[in-house]
Amino acid sequence: MTNTPIQFNINSDATETPGISALEKTSKIANKYNISDMSQDDINTEIAESRKSSD
């Protein structure tokens, strides 16, 4: 697996759909918490750490 960020940037017309709204909200949250540039490896590390703390 490559270590590339998952981008939430989208280009769309003015059509509002539930999916587009969800992606826009996700993008805002990711930017707010500075996680928009996380790689898949970073995400997997965060998940693993979270699981350790719940044991």
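Keep in mind that the model is predicted. Let's start with helix α1.

Helix α1 runs over residues 18-32, which makes 15 residues. At 1.5 Å a residue, it should span 21 Å. Its end C-alpha atoms are 21 Å apart, so expectation and model agree.

Now, which residues of α1 are buried? They are Ile20, Ser27 and Ala30. These three cover an arc of only 90° around the axis, so they sit on the same side of α1. What does the face turned away from that buried side carry? Exposed residues: Pro18, Lys25, Lys28 and Lys32.

Look at its backbone. Phi of asparagine 34 is near 55°, a positive value in a residue other than glycine. Is asparagine 34 buried or exposed? Its relative accessible area is 69%. The cut-off for exposed is over 50%, so asparagine 34 counts as exposed.

The partners are lysine 52 and glutamate 49, whose side chains meet at 3.3 Å, N to O. Why are they about one helical turn from each other? Because they are 3 residues apart in helix α2. In general, an α-helix has 3.6 residues a turn, so residues three or four places apart point the same way.

Last, accessibility of that pair. Lysine 52 is exposed, at 56% relative accessibility. Glutamate 49 is partly exposed, at 43%.

How values were computed: Residues are numbered from 1 along each chain as its sequence is written. This is a predicted model: local features need pLDDT of at least 70, side-chain atom pairs count only at pLDDT 80 or more; totals for chains, interfaces and linings use all residues. Side-chain values use heavy atoms; hydrogens and water are left out. Helices (H or I, at least four residues) and strands (E, at least two) are DSSP runs, numbered from the N terminus. The expected span of a helix is 1.5 Å times one less than its number of residues. Buried means under 20% relative accessible area, exposed over 50%, partly exposed in between (1.4 Å probe, protein chains only). The arc is that of the directions from the helix axis to the C-beta atoms. A salt bridge is a side-chain nitrogen of Lys or Arg within 4 Å of a carboxyl oxygen of Asp or Glu.
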